[in-house]
Amino acid sequence: MATYKILVIDDEQGIRDGTRRILQSFKVDYPFMDEQIDFQVLEAGTGTEGIELIDKEQPEILLLDNKLPDIQGVEVLEYVKKKQYDIVVVMITSYASLELAVKATRDGAFDFIPKPFTPQEIRASIENITKQIFLKRMTQTLNSTGKQIRFQFLSVLSHELKAPLNAVDGYLKMIRDRQLGENIEAYNEMIDRSIERIKGMRSLIMDLLDLTKIESGKPVQKLEEVDVRKIVQLSIDTIRPYSIQKDVDIYLNNKETITMKADAGEIEIIMNNLISNGVKYNKVGGRVDIFVEKLKDMIRITVSDTGIGMSEDDKMKIFDDFVRIKNQNTRNITGSGLGLSIVKKIVDMYHGSVEVQSTPDKGSTFIINLPNVEE
């Protein structure tokens, strides 16, 4: 439960005590909130004491009387404005002239509550203010998260696209200038490397497109009865040229049809990522085994490889966006760091689960459980 601090600055002890009684067990709850918000009530009898508490406690809400024994309430309000504190100020006063109202509003007062006020009036004002604060903070958090994602996105683009583009550019210039002579076969290695670089860029772009589709909140599309085994076989056929190049065998250990209600395109994205990872992070002569099982109320897909494996620490973060495991074994392996985060997001959309078991230098096993909803 979140707690907001409310500071009451008023020279009347009765107002301070009454406000504390009204708000000490008061809680605010909205359907869009994950948790209730309660309040800690602080109090000060003078403007000077109030400023000390403002500096020390940084309350979210300030209930401020204007007529105080030392400085005026509007001077406290000016102090809050000068310090640029993020505090919502409500003036509580019996003598609210038009001049005071104009000045207080100009200096940032959010509301006026005339004294004497009822418990309903103070609660209604606090409830409204709390909603404003909550929504403001949520917006700030979303903006901050958005900036971080955009920064990561641009970082990936600048690094993952710039490096291969420079390489392809260099190879093409060498070929154009005939630096290895007129025999075209002398440039085969450069051409192969260029094709590999272009393949990596295409893979990155496809990952980003998949991520954009999921993050946009687009609902699951084209839910229909699909043959999971058939989709797995399609993924294997797609990745087969790469596995031959890496000398890694892929085995689908099922022959029977296994159906579920799903979007075939999304299941294919899951399988493409898991199988390509099984090949990419494998050893020469290794293998990838795939099992598809129809259990009582779920479909289980298991993808095991005999590759380089990963540590416990790496397992904890591999499903985060843009995370790539960096060590001696992976330094020559390219990737966007998005594949497994995309898998996790899609599995979550189906209210399923994904588990990874891994041992360094022995291999990894990914287990996907998807609820089998017949209707």
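The largest nonpolar core holds 48 residues, and within this core Val232, Met271, Ile290 and Ile368 touch the most other members. Helix α8, spanning residues 264–280, supplies the largest share of this core, with 7 residues. Apart from this core lies another one of 23 residues, which includes Val8, Ile61, Ile113 and Ile126. The model is a predicted one, and its secondary structure comes to 10 helices and 12 strands. Of the 375 residues in the protein, 42% are buried, and among contacts between residues at least 6 apart in sequence, 70% join residues at least 24 apart.

**Helix α7 against helix α8**

- Helix α7, which covers residues 228–246, packs on α8 at an angle of about 25°, and the two axes are 9 Å apart.
- Because angles under 35 degrees count as roughly parallel, this value makes α7 roughly parallel to α8.
- The crossing that α7 and α8 form is right-handed.
- On the α7 side the contact involves Ile231, Val232, Leu234, Ser235, Ile236, Ile239, Tyr242, Ser243 and Lys246, while α8 contributes Ala264, Ile267, Glu268, Met271, Asn272, Ile275, Ser276, Val279 and Lys280.
- Sorted by class, the residues of this contact of α7 with α8 comprise 11 nonpolar, 4 polar and 3 charged.
- Valine 232, one of the core residues that touch the most other members, is in contact with Leu252, Met271, Ile275, Ile290 and Val292 when residues up to four places away in sequence are not counted.
- Tyrosine 242 also belongs to helix α7, and, leaving aside its neighbours within four places in sequence, this tyrosine is in contact with Ser276, Val279 and Lys280.
- Tyrosine 242 and valine 279 are 37 residues apart in sequence, yet their C-alpha atoms are 7.9 Å apart in space.

**Helix α8 against helix α10**

- Helix α8 also packs with helix α10, residues 339–349, at an angle of about 145° and with the axes 9 Å apart.
- Here α8 passes α10 in a left-handed crossing.
- The contact is built from Glu266, Ile269, Ile270, Asn273, Leu274 and Asn277 of α8 together with Gly339, Leu340, Ile342, Val343, Ile346, Val347 and Met349 of α10.
- In terms of residue class, the contact of α8 with α10 has 9 nonpolar, 3 polar and 1 charged residues.

- Helix α2 and helix α3, the latter made of residues 73–83, pack at an angle of about 20° with their axes 10 Å apart.
- The two helices α2 and α3 are therefore roughly parallel to each other, and their crossing is right-handed.
- Gly47, Ile51, Ile54 and Asp55 of α2 make this contact with Val76, Tyr79 and Val80 of α3.
- The contact of α2 with α3 is divided by class into 5 nonpolar, 1 polar and 1 charged residues.
- Threonine 46 is found in the loop between β2 (37–44) and α2 (47–57), and its 18% relative accessibility means that threonine 46 counts as buried, since the cut-off for buried is under 20%.

**Aspartate 305 in strand β10**

- Aspartate 305 lies in strand β10, which runs over residues 298–305, and this aspartate counts as buried because its relative accessibility is 12%.
- With residues up to four places away in sequence left out, aspartate 305 touches Gly278, Asn282, Arg287, Val288, Lys362, Gly363 and Ser364.
- Aspartate 305 and serine 358 are 53 residues apart along the chain, and their C-alpha atoms are separated by 9.5 Å.

**Positive phi in loop residues**

- Arginine 178, a residue other than glycine, has a positive phi near 55° and is found in the loop between α5 (119–176) and α6 (188–215).
- The relative accessibility of arginine 178 is 41%, so this residue counts as partly exposed.
- Aspartate 361 likewise is not a glycine, although its phi is positive at about 70°, and its place is in the loop between β11 (353–359) and β12 (363–371).

Notes: Residues numbered from 1 in each chain as written. Predicted model: local features only at pLDDT ≥ 70, side-chain atom pairs only at ≥ 80, totals over all residues. Heavy atoms only, no water. Core = buried A, V, L, I, M, F, W, Y, C linked by side-chain atoms within 4.5 Å. Buried < 20%, exposed > 50% of the residue type's maximum accessible area, 1.4 Å probe, protein only. Helix = DSSP H or I, 4+ residues; strand = E, 2+ residues; numbered from the N terminus. Contact = heavy atoms within 4.5 Å. Axes fitted to C-alpha atoms, helices over the stretch in contact; angles between N-to-C directions. Parallel < 35°, antiparallel > 145°, perpendicular 65-115°, else oblique. Left-handed = near helix turned anticlockwise from the far one by under 90°. Nonpolar A, V, L, I, M, F, W, Y, C, P; charged D, E, K, R; others polar.
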